[in-house]
Amino acid sequence: LFAVLVTLYEEPEKPDSALDFLKHHLGASAPENPEIEALRLEVAETKEKYEALLEENIKLKTKVKVY
């Protein structure tokens, strides 16, 4: 902790948030990148589409078996 505080003190351009600086240097969760959140949203949407397509596939297979 002391070393990180010294690093913060010696930083020529002080960060906006000292707490975020400490979290980052101590290995705590870093602020989320907007790209990561967008990718997570895309994965969730893709999973929903996949589930819908699976249901449709099952229905169509059932219809084919009837004929």
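Visitor: What makes Val4 a point of contact with residues beyond its sequence neighbourhood?

Guide: In this predicted model, Val4 touches Phe21, Leu22, His25 and Leu26, leaving aside residues up to four places away in sequence. Contact here requires heavy atoms within 4.5 Å. For the pair Val4 and Phe21, the separation is 17 residues in sequence, while their C-alpha atoms lie 8.8 Å apart in space.

Visitor: Why is Val4 called buried?

Guide: Val4 has a relative accessibility of 10%, and buried means under 20%; Val4 therefore counts as buried.

Visitor: Where does Val4 lie, and which residues of α1 and α2 meet?

Guide: Val4 lies in helix α1, residues 2-10. From α1, Val4, Leu5, Thr7 and Leu8 meet Ala18, Phe21, Leu22, His25 and Leu26 of α2.

Visitor: What is the secondary structure over residues 36-63?

Guide: The chain is 100% helix and 0% strand there, with the end C-alpha atoms 41 Å apart. An unreviewed UniProt entry places the feature "coiled-coil region" at residues 36-63.

Visitor: Which domains does the assignment give?

Guide: The assignment gives domain 1 (1-30) and domain 2 (32-66); their centres, taken over C-alpha atoms, are separated by 41 Å.

Definitions and conventions
Residues numbered from 1 in each chain as written. Predicted model: local features only at pLDDT ≥ 70, side-chain atom pairs only at ≥ 80, totals over all residues. Heavy atoms only, no water. Domains from an automatic or database assignment. Helix = DSSP H or I, 4+ residues; strand = E, 2+ residues; numbered from the N terminus. Buried < 20%, exposed > 50% of the residue type's maximum accessible area, 1.4 Å probe, protein only. UniProt positions renumbered as here; feature names shortened; annotations may be inferred.
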